[in-house]
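Hi everyone, thanks for coming. Let me put the structure up, and then we'll walk through the sheet and the ligand site.

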Amino acid sequence: MKVLIINGPNLNLLGLRQPEVYGKLTYNDLLSYCQKEADKLGIEVNFFQSNHEGAIIDVIQDSYNKVDGIIINAGAYTHYSIAIMDALKSVNIPTIEVHLSDIYKREEYRHISYIKEASIASFVGLGFEGYKKALIKIKENIGK
Ligand code: DQA
């Protein structure tokens, strides 16, 4: 089982960016955490991070027929990228949305998620654990 974990803009700056919101652990810490959890579940995991909307769309399109699931934290694109939502709907790969913070308890402009519309589940406000729950959920979903 193959899963692609996509992280969008500014998530490469984890640890540095607003630690009071996102914590002190770095993007590399997130990758190690996800790799460890994926190994436990027997999932082959690949990672992609970009600050560019088009690059995220390209990697989603390239995943068609190649991965069994996508986990995506689209960062701020979550709140306005109809294009990323359309790409996810186009490839029709089971997708789980993740956010480190609880977007529904933050500024009103973060309450809308276009990614949610293209996802089978969302995990918000759980920090790194959201990615673990997403891996478990994808595995359960694919087993069905
Ligand atoms: C985020 C929440 C978004 O609103 C924000 O723009 C991010 C990170 C999160 O993981 O909590 O970049 O997706």
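A quick definition to start: two strands pair if DSSP finds at least two bridges between them, and strands (E, at least two residues) and helices (H or I, at least four) are DSSP runs numbered from the N terminus. What you're seeing is a predicted model, where local features need pLDDT of at least 70, side-chain atom pairs count only at pLDDT 80 or more, and totals for chains, interfaces and linings use all residues. Residues are numbered from 1 along each chain as its sequence is written, and side-chain values use heavy atoms, with hydrogens and water left out.

So, the sheet. It's open, with 5 strands in the order β2-β1-β3-β4-β5, paired in parallel.

Now the ligand. Its surroundings (residues with a heavy atom within 4 Å) include R17, Y22, H79 and S101. As for polar contacts, meaning N or O pairs within 3.5 Å, a side-chain N or O atom of S101 is 2.6 Å from a ligand oxygen. For H79, a polar side-chain atom lies 2.7 Å from an oxygen atom of the ligand, while at A76 a polar backbone atom is 3.2 Å from a ligand oxygen.

How values were computed: Polar contact = N/O pair within 3.5 Å; in protein donor to acceptor, adjacent residues only side chain to side chain.
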